[in-house]
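Me: I would like to go through this model with you before I set anything up. Could you take my questions one at a time?

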Amino acid sequence: MSALVAALLLAAAPPMAVIDELDTVKREPPPHGAIGMSTAWRISDHVPQPRRMEFRRRTLDIGAAIGEHPIAHDEVYYVLDGEGEVVSDGQRAMLKPGMTAYLYDGAVVGIWQKGDKPLALIIAYPVKEPVSCPAECTAPSPTAPARIGGDR
């Protein structure tokens, strides 16, 4: 993308977007292996363009996991509730509420729910190019934050 096009996209950005997680929730198998089931809140999918971050909440059911996969950016897993085991390039660590795993570009990473209750996470990472907006995504009015609907 040329610098001019990038500058024009950034110039079109709204002052903010406010997303209600209830508008983003979906039951689905976790990514990278479909190990078990999870609840996903794809919050950033509902943010008007342009955007350069992924920001998601996911709760892994008991026995579920985001399977090992390579990442092409830094990525953050922040634990809200439950316990889990994170892996990055073969190195493993246990996580509990309030702990963060900062994972580096180029690593092979994954996370497994452990213990007797679901593992609730915030996952955030940058995107290299502005991400296409889903059909339900609309730009907010210039005077009000966005509340963008989706499936509940």
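Reply: What follows is a conversation about the fold, the sheet, some loop residues and the pocket.

Me: What kind of model is this, and how are residues numbered?
Reply: This is a predicted model, in which local features need pLDDT of at least 70 and side-chain atom pairs count only at pLDDT 80 or more, while totals for chains, interfaces and linings use all residues. Residues are numbered from 1 along each chain as its sequence is written, and side-chain values use heavy atoms, with hydrogens and water left out.

Me: How much of the chain counts as buried?
Reply: Of its 152 residues, 39% count as buried. Buried means under 20% relative accessible area, exposed means over 50%, and partly exposed lies in between, with a 1.4 Å probe and protein chains only.

Me: In what order do the six strands of the open sheet come?
Reply: The order is β1-β2-β3-β10-β5-β8, with antiparallel pairing. Two strands pair if DSSP finds at least two bridges between them.

Me: Which strands stand at the edges?
Reply: β1 (25-28) and β8 (100-103) do; each has a single partner strand, so one side of each is left without a neighbour in the sheet. On average, neighbouring strands of this sheet are turned by 20° against each other, direction ignored. For such angles, axes are lines fitted to C-alpha atoms, for helices over the stretch in contact, and angles run from 0 to 180 degrees between N-to-C directions.

Me: Why is β9 described as largely enclosed?
Reply: Five of the seven residues of strand β9 (residues 108-114) are buried, so β9 is largely enclosed by the rest of the structure.

Me: What does β9 pair with?
Reply: β4 and β9 pair in the antiparallel sense over four bridges, with I66 and I111 as bridge partners. Strand β6 (residues 83-88) is joined to β9 by six antiparallel bridges, and there E85 stands opposite W112.

Me: Switching to loops: where is the cis peptide bond?
Reply: The cis peptide bond joins Q49 and P50, with omega about 0°. P50 lies in the loop between β2 and β3.

Me: What about R51, buried or exposed?
Reply: R51, found in the loop between β2 and β3, counts as buried at 6% relative accessibility. The R51 side chain reaches the backbone oxygen of M53 at 2.8 Å. A polar contact is a pair of N or O atoms within 3.5 Å; within protein, one must be able to donate a hydrogen and the other to accept it, and residues adjacent in sequence count only if both atoms are side-chain atoms.

Me: Which phi value does H32 have?
Reply: Phi of H32 is near 65°, a positive value in a residue other than glycine. H32 is in the loop between β1 and β2 and is partly exposed, with a relative accessible area of 43%.

Me: And A34, what is its phi?
Reply: Phi of A34 is near 50°, which is also positive in a residue other than glycine. A34 lies in the loop between β1 and β2 and is partly exposed at 47% relative accessibility.

Me: Now the largest pocket: how much space lies in it?
Reply: About 210 Å³. On a 1 Å grid over the protein atoms alone, a pocket is an open set of points where a 1.4 Å probe fits, with protein on both sides within 12 Å along at least five of seven lines. A volume is the space filled by probe spheres set on the points, which are joined across faces, edges and corners.

Me: Which residues lie nearest its centre?
Reply: P31, H32, R56, E75 and Y125 do, out of 14 lining residues; a lining residue has an atom within 4 Å of a point. β3 (53-60), β4 (65-70), β5 (75-81) and β10 (119-126) each supply at least two residues of the lining.
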